[in-house]
Amino acid sequence: MDFNMKKLASDAGIFFTRAVQFTEEKFGQAEKTELDAHFESLLARADSTKNWTEKILRQTEVLLQPNPSARVEEFLYEKLDRKVPSRVTNGELLAQYMAEAASELGPTTPYGKTLIKVAEAEKHLGAAERDFIHTASINFLTPLRNFLEGDWKTISKERRLLQNRRLDLDASKARLKKAKAAEAKATAEQELRVAQTEFDRQAEVTRLLLEGISSTHVNHLRCLHEFIESQTTYYAQCYRHMLDLQKQLGSSQGAIFPGTFVGTAEPTSPPLSSTSPTTTAATMPMGPSVADLAPPGEAALRLEEVAPPASGTRKARVLYDYEAADSSELALLADELITVYSLPGMDPDWLIGERGNKKGKVPVTYLELLS
């Protein structure tokens with residue numbers, strides 16, 4: 001009991017001494033040991049890393065799960081060390097509603113058939129989203145969270161300990177200055193040596209941890225690459241599913257509404273290859289085909305002689321620069337406006353483009369059809 005009381009009194013005395021030293025420093029009444037510039041730089045980099053990691057983590061969580069209630073639920077499950085229950089994605093729920101609507105409204109009607117096709121595509125999109133969320137959570141969110149809950153807590157603890165050692169050191173310096181008697185001065189000098197040793201040792205421990213932030217950056221860089229890889233895979237899967245759906249709807253819509261444009265008119269990303277675009281085109285069945293105007297192998301030579309149809313031309317804005325592969329193609333510059341049209345028998349991934357007196361084939365994926 002006596003030992004505990006003595007220790008408690010000693011701890012209280014140390015706390016009081018630190019509080020006095022800290023207060024006097026704030027009011028400019030006591031000297032403060034400054035850390036070297038390199039050490040301060042390490043501290044600033046560590047603080048910046050922690051702050052930005054928190055922001056990136058939170059915003060990535062919003063990206064993967066926009067519903068705040070669902071995020072809170074998942075957070076509670078993680079804190080309770082329980083498995084997060086499987087959640088139906090919005091795409092899967094939409095697919096379910098569309099399938100049920102088709103069943104009730106008539107699965108053999110044009111509307112019902114289309115609902116079934118779209119529902120299947122939305123189901124695939126939902127499954128792809130689920131895989132992306134799972135992969136991104138493991139490969140990206142978990143490492144960021146581990147840093148904040150592990151390494152950063154250790155760094156913070158050692159920094160607080162360093163601050164205490166620094167206060168002890170400066171308090172010892174202050175006592176030595178105030179000491180008058182030889183015995184008091186000898187005692188103060190001994191306390192100062194001990195405080196300096198403990199401060200130097202703690203400063204080295206903290207320095208090593210702060211320098212480890214470089215390894216953290218390397219690890220986060222690797223995780224970022226994995227996140228981008230999973231995101232690329234996810235959007236590529238979505239693109240393929242929507243492309244398949246678009247082709248299905250294009251054929252069926254053409255049968256129901258002949259003579260109308262079918263397909264996407266507004267691609268949102270550049271094609272994977274400039275020579276093999278994969279987005280379906282807007283088709284305009286009017287006028288003679290290139291194949292009808294020239295025998296095989298001569299279509300490119302006589303392309304300039306092809307006249308645009310009397311109706312069915314459209315304006316298009318170029319989304320990306322495109323370098324013509326041969327004389328049959330028209331080179332494009334981003335943001336320019338051109339006139340486009342299609343001819344029967346053409347590859348649906350291509351249109352005829354005109355700019356002034358120049359004419360050539362252009363890939364649909366590089367265009368935004370306007371009117």
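Two strands are taken to pair if DSSP finds at least two bridges between them. Helices (H or I, at least four residues) and strands (E, at least two) are DSSP runs, numbered from the N terminus. The structure is a predicted model, in which local features need pLDDT of at least 70 and side-chain atom pairs count only at pLDDT 80 or more, while totals for chains, interfaces and linings use all residues. Residues are numbered from 1 along each chain as its sequence is written, and side-chain values use heavy atoms, with hydrogens and water left out.

The protein chain contains eight helices and five strands, in the sequence pattern α-α-α-α-α-α-α-α-β-β-β-β-β. Of its 371 residues, 34% are buried, that is, under 20% relative accessible area with a 1.4 Å probe, protein chains only.

Strand S1 (residues 314–318) and strand S2 (residues 337–341) run antiparallel and are joined by four bridges. Alanine 316 has isoleucine 338 in S2 as its bridge partner. Strand S3 (residues 350–355) pairs with S4 over six bridges, again in the antiparallel sense, and tryptophan 350 stands opposite proline 363 in S4. Two residues lie between S3 and S4 in a hairpin, and glycine 356 in the turn has a positive phi of about 65°. The five strands form an open sheet in the order S4-S3-S2-S1-S5, with antiparallel pairing. Strand S4 (358–363) and strand S5 (367–369) each have a single partner strand, so one side of each is left without a neighbour in the sheet.

Helix H6 (residues 182–211) has 30 residues and should span 44 Å at 1.5 Å a residue, which agrees with the 43 Å between its end C-alpha atoms; the expected span is 1.5 Å times one less than the number of residues. The buried residues of H6 include Ala188, Leu192, Ala195, Phe199 and Leu210.

A nonpolar core is a set of buried Ala, Val, Leu, Ile, Met, Phe, Trp, Tyr and Cys residues joined through side-chain atoms within 4.5 Å. The largest such core has 29 residues, of which Phe132, Phe140 and Leu210 touch the most other members. Helix H2 (37–64), helix H5 (110–178), H6 and helix H7 (213–256) are the elements that give two or more residues to this core. H5 gives the most, with 13 residues. Beyond its neighbours within four places in sequence, leucine 210 is in contact (heavy atoms within 4.5 Å) with Phe39, Leu42, Leu43, Arg45, Ala46 and Ile155. Another core, of 19 residues, lies apart from the largest one and has Val318, Leu343, Leu351 and Tyr366 among its members.

Key
Buried means under 20% relative accessible area, exposed over 50%, partly exposed in between (1.4 Å probe, protein chains only).
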